[in-house]
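Here is a short tour of one protein model, written for someone new to reading structures. Have the sequence and the 3D view ready, and let's go.

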Amino acid sequence: MNETLVCAVGNVATQPVYRELAAGPSARFRLAVTSRYWDREKSTWTDGHTNFFTVWANRQLATNAAASLSVGDPVVVQGRLKVRTETREGQQWTSADIDAVAIGHDLARGTAAFRRAGKPETAAPAPPPRPEPNWETPAESPDTTAEQQSEPVAVT
C-alpha cells in the first residue's frame, strides 16, 4: 500500500478534543507549521507561510495526547498525510489531515518530563518475569572447534 508519511514540526494551535468512540478513544487537534527563512536584506529570520493540519490520534496515543498537549506546545508529529477535497455550500474546500503514528514535544525548544502511562486492565494475568539472558559468548576451546568442524551434519 502506498502512503504518504510525513513528519511535521510545529505548534499545537487548538486544545485537543478527546472522544470515546465505539472503535476506541480518538483525539484531534490543529497543528500550525510555519516555515522560517533568513531574510538577507533585513539580516534576520522571518516567518513564512503557515500551514494548518488537523492531527488525528487513536487508541492509547489519543489518551496520552489529550493528557499531555496544550495550545502553544511545540510538537513533532509523524503520521500518514491525507488530503481531502469536498464541496460545501457550492464552494470547494481542501483540508490536510495527519493520521498520527507518533506525537512528541519538540525538545529543541524546551524540556519535558516523561511519565509512563498505566497499562490497561487485561483479563489474563501477566506472565512471570523471565531472567535476563546471558549475552556473553563462552570461549571455545580449540578441541571443541575442531570436533564441530569434522562431524557430519544430518539434513532432514
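## Aspartate 99

Is aspartate 99 buried or exposed? Aspartate 99 turns out to be buried, with a relative accessible area of 17%. (Buried means under 20% relative accessible area, exposed over 50%, and partly exposed in between, using a 1.4 Å probe and protein chains only.)

Before we go on: this is a predicted model, where local features need pLDDT of at least 70, side-chain atom pairs count only at pLDDT 80 or more, and totals for chains, interfaces and linings use all residues. Residues are numbered from 1 along each chain as its sequence is written, and side-chain values use heavy atoms, with hydrogens and water left out.

Back to aspartate 99, which you'll find in strand β6. (Strands, E, of at least two residues and helices, H or I, of at least four are DSSP runs, numbered from the N terminus.) Leaving aside residues up to four places away in sequence, aspartate 99 touches Trp56, Asn58, Gly79, Arg80 and Lys82; contact here means heavy atoms within 4.5 Å.

## Valine 12

Now look at strand β1 (residues 5-12), where valine 12 is found. Valine 12 is buried, with a relative accessible area of 2%. Its contacts, not counting residues up to four places away in sequence, include Phe29, Leu31, Leu69 and Val75.

Helix α1 covers residues 59-68, and its buried residues are Leu61, Ala62 and Ala65. These cover an arc of only 100 degrees around the axis, so they sit on the same side of α1. (The arc is that of the directions from the helix axis to the C-beta atoms.) Here's a handy rule: an α-helix has 3.6 residues a turn, so residues three or four places apart point the same way.

What do the buried residues of α1 pack against? They pack against β2 (17-21), β3 (24-39), β4 (44-58) and β6 (91-105). The face turned away from the buried side of α1 carries the exposed residues Arg59 and Ala67.

## Rings

The structure holds one aromatic pair. The rings of tryptophan 38 and tryptophan 45 have centres 5.6 Å apart and planes at 75 degrees, so the pair is edge-to-face. (Rings of Phe, Tyr and Trp, its six-membered ring, pair if their centres lie within 6.5 Å; planes under 30 degrees apart count as stacked, over 60 as edge-to-face and the rest as tilted.) Tryptophan 38 is partly exposed at 43%, and tryptophan 45 is partly exposed at 49%.
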